Amino acid sequence: MLIIMQQGVSESVVEQVINRIEQLGLRVHISRGEFRTIIGAIGEEKPVYPEQLLSIEGVEKVLPIMKPYKLASREFQPEDSQVQIGSVLIGQGRCALIAGPCAIESRESLNETANIVKASGANMLRGGAFKPRTSPYSFQGMGEEGLKILRECGDELGLPTVTEITDPRNVEMVDRYADMLQVGARNMQNFVLLSEIGKVRKPVLLKRGPSCTVKDWLMSAEYILSEGNHQVVLCERGSQGFENGLRYTLDVGAIVLAKHDSHLPVIVDPSHAAGRRELVTDLALAGLAAGADGMIVEVHNCPEKALCDGPQALTDKMFANLMEQAKKVLTAVGKDV
Ligand code: PEP
Ligand code: MN
């Protein structure tokens, strides 16, 4: 349930309410808005609780949260969230412009690609060290060695990094090297992984599963939020459609719906949706025009030599062109660039 405090109540009054909720055996999550504080109380409720909480001084209303996801809902937090990754802010008009190769392949190659994306204005660097591949015979990623390379390249260029985590046993390791933890589409409903990631205090990029609804996606976000990690950014990367000229079907409606029903920032991944580099730019622009708070795009210094997702990797020139156009779209929709 939601405990809505009266406007302008003091911190000590809020503290009192928190203590009472904890005594009732419920978990407290606080949303401090510009005008009022909303306290989310999550756990097994008894019918008398709303009345008891309403009688505390400073409490204006006690409401049930109607949505199955609670902390991810706009009911819990009406204002957009903002997530910070180093110097980069995502949400509330600020955008993440993330780019880099699908996989980290070598120091030289990542360094070259990182310089390319930075020169065009990317503000974060991506690169996978653990790759979830359809075939066990495909390149699986460089593992910890790759994480070290990503860390070094990010530090050299002043770009915060994001990398995928595929296994709950690796949370501690990936957390040591990366600035943001990516949950891939295939792992969106790996609930053990989500709970483990929720226990660390590192921003998370949660991709939407190819066959998952927006509600499923927000329920997965709830797994992370309910563990106390509130730094979640959603990423739409295309769902399973019937069109076979594209790798997946980018769902701009899902971006709009997720932003309507949730306060969490949403970014667009046009690369995995397209599967072909010549379609990436237009899909990225569509996602930004639909309200995405940024994008994550695959770029490679030499796509024909890429060990993973080469056909969808943008070249340096294509990425420069995308960034130029993206800035125009973001300006048109009122975002900071
Ligand atoms: C990736 O980012 O390289 C990736 C594997 O993405 P997804 O989980 O969306 O397929
Ligand atoms: Mn990829």
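Predicted model: local features only at pLDDT ≥ 70, side-chain atom pairs only at ≥ 80, totals over all residues.
Good morning. I begin with one pairing: Leu2 has Leu63, in strand S4, as its bridge partner.

S7 pairs with strand S14, residues 294-298, over 5 bridges, and the two run parallel. Within that pairing, Leu97 has Met295 in S14 as its bridge partner. S7 is also joined to strand S8, residues 124-126, by 2 bridges, again in parallel. There, the bridge partner of Ala99 is Leu125 in S8.

Is S7 enclosed or open to the outside? 5 of its 5 residues are buried, so the strand is largely enclosed by the rest of the structure. The burial holds for both faces: Ala96, Ile98 and Gly100 lie on one side, Leu97 and Ala99 on the other, and all are buried.

Strand S9, residues 161-164, contains Thr161. This residue is buried, and its relative accessible area is 0%. Beyond the residues up to four places away in sequence, Thr161 touches Met124 and Leu125, together with Leu150, Arg151, Gly154, Tyr177, Ala178, Asp179 and Met180.

I turn now to the nonpolar cores. The largest one has 74 residues, and the members that touch the most others are Leu206, Trp217, Leu234, Met295, Phe319 and Leu322. Met295 has already been named as the bridge partner of Leu97. For Phe319, which residues are in contact once neighbours within four places in sequence are left aside? They are Ala99, Val117, Ser120, Ala122, Val297, Val299 and Leu314. There is also a second, separate core of 17 residues, whose members include Met1, Val13, Val17 and Ile56.

My last topic is the aromatic rings. How many aromatic pairs does the structure hold? The number is 1. The pair is formed by Phe191 and Tyr223, which are stacked, at 4.6 Å centre to centre and with 25° between the planes. Phe191 lies in helix H6, residues 191-199, and Tyr223 in helix H7, residues 214-225, so the pair ties together parts that are 32 residues apart in sequence. Phe191 is partly exposed, at a relative accessible area of 34%. Tyr223 likewise counts as partly exposed, with 34% relative accessibility.

Two charged residues also sit over rings. Arg208 lies over the face of Trp217, 5.9 Å from the ring centre, and Trp217 is among the members of the largest core that touch the most others. In the second case, the charged end of Arg237 sits over the ring of Tyr248, at 4.1 Å from its centre.

How values were computed:
Residues numbered from 1 in each chain as written. Chains lettered and ligands numbered in written order. Heavy atoms only, no water. Core = buried A, V, L, I, M, F, W, Y, C linked by side-chain atoms within 4.5 Å. Buried < 20%, exposed > 50% of the residue type's maximum accessible area, 1.4 Å probe, protein only. Contact = heavy atoms within 4.5 Å. Pairing = 2+ DSSP bridges. Helix = DSSP H or I, 4+ residues; strand = E, 2+ residues; numbered from the N terminus. Phe/Tyr/Trp six-rings, centres within 6.5 Å; stacked < 30°, edge-to-face > 60°. Lys NZ or Arg CZ within 6 Å of the ring centre and 35° of its normal.
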